[in-house]
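Here is a structure to read by question and answer. What can be said about its helices and strands?

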Amino acid sequence: MTTPAPPQAPPQGQQQPPPQQQGDGLDDTALAVAIAAFLAGLTVTASYAASIAVLLAALRARFRLSRAAVKALGAVLSDVTQAPPPVTGVIGTASEQVSRMNAARRAQYVTAASKRVLAAEREARAKGESAEAARDEALARERKFYAMHLQAMWNRSAAAGRIDMEAATHGPLLGWYSRHDTSVTPECAGADRHNFYVDNPPYIGLPGIGPHFGCRCEPGPPWPGGKLLAGSGPRYARAA
Ligand SMILES: [Zn+2]
């Protein structure tokens with residue numbers, strides 16, 4: 001295989017093309033999918049550094065990543081793989097959905113963080129400042145963001161576990177229970193005393209997971225005669 005041809009030069013004159021924000025290859029959504037598959041396949045006994053090197057070589061060929069993008073991705077992946085998400089099992093449909101959601105969000109985080117690191121490096125270079133220092137600072141910031149992501153993943157998994165435990169007792173139709181206090185959101189308050197199907201969640205998502213960050217709603221036994229939340233229905237019934 002040959003390397004791809006460089007972009008065409010301007011047809012006339014000897015002017016350099018403007019310093020455009022050229023693609024680093026990080027915007028391809030399939031890249032996040034490839035990273036998700038990689039993260040899912042990592043085992044704790046694997047050598048992360050060696051695994052990452054193999055992955056980067058493959059991604060570089062497939063996604064035409066710039067050298068700078070490969071470097072940024074490698075640095076972010078190194079941090080992310082050293083702090084894996086808490087291991088939470090899949091015990092039902094809610095935890096299955098959340099496990100997929102967490103995997104997707106983690107991979108999207110990797111590409112988004114890599115772009116931020118790259119942008120910080122470029123900004124420093126443009127100002128004549130040290131790109132290395134900017135990169136280290138950006139990576140330190142990303143470690144804090146990632147810790148917040150880990151917490152969010154954990155919260156979602158814990159809420160999904162509660163939902164699956166309720167479904168194990170009551171079946172797939174569950175009730176939505178909101179907190180009645182001053183900090184409840186209108187959406188959560190409106191969902192109270194309604195029912196939903198765990199395996200075909202309502203549009204607002206599952207209690208404690210979907211409506212908003214920090215949602216304190218809980219699943220419980222279905223409300224007798226309770227209305228179904230919009231979007232939820234018995235599985236396979238929606239297309240009817
Ligand atoms: Zn809520």
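Reader: What is the average pLDDT of the protein chain?
Author: This is a predicted model, in which local features need pLDDT of at least 70, side-chain atom pairs count only at pLDDT 80 or more, and totals for chains, interfaces and linings use all residues. Residues are numbered from 1 along each chain as its sequence is written. pLDDT is the predictor's confidence in each residue, from 0 to 100. At least 70 is reached by 87% of the residues, and the chain average is 86.

Reader: At what angle do the axes of α3 and α4 cross?
Author: Helices (H or I, at least four residues) and strands (E, at least two) are DSSP runs, numbered from the N terminus. Axes are lines fitted to C-alpha atoms, for helices over the stretch in contact, and angles run from 0 to 180 degrees between N-to-C directions. Helix α3 covers residues 67–82 and helix α4 residues 93–126; their axes come within 8 Å. They cross at roughly 125°.

Reader: Which word describes how α3 lies to α4?
Author: Angles under 35 degrees count as roughly parallel, over 145 as roughly antiparallel, 65 to 115 as roughly perpendicular and the rest as oblique. The axes cross at roughly 125°. Therefore α3 is oblique to α4.

Reader: How many nonpolar residues does the contact of α3 with α4 have?
Author: Ala, Val, Leu, Ile, Met, Phe, Trp, Tyr, Cys and Pro count as nonpolar, Asp, Glu, Lys and Arg as charged, and the others, Gly among them, as polar. The α3 side includes Leu73 and Val76, and the α4 side includes Ser114 and Glu121. One residue of the contact is polar, one is charged, and the nonpolar ones number twelve.

Reader: How far apart are the axes of α1 and α4?
Author: Helix α1 spans residues 29–41 and packs on α4 at an angle of about 120°. Among the contact residues are Ile35 and Leu39 of α1, with Ala107 and Val110 of α4. The contact has ten nonpolar, two polar and one charged residues. The axes are 8 Å apart.

Reader: What is the strand order of the open sheet?
Author: Two strands pair if DSSP finds at least two bridges between them. β2 (195–197) and β3 (218–220) are the edge strands, each pairing on one side only. β1 (residues 173–177) pairs with β2 over three bridges, and β1 pairs with β3 over three bridges. The pairing is antiparallel, and the order is β2-β1-β3.

Reader: Which residue of β3 is the bridge partner of tyrosine 177?
Author: In the other pairing, leucine 174 stands opposite phenylalanine 196 in β2. For tyrosine 177, the partner in β3 is glutamate 218.

Reader: Which helix lies across β1 and β3?
Author: This helix covers residues 131–170. Its direction is at about 10° to β3. The helix is α5.

Conventions: Two residues are in contact if their C-beta atoms, placed from the backbone, lie within 7 Å.
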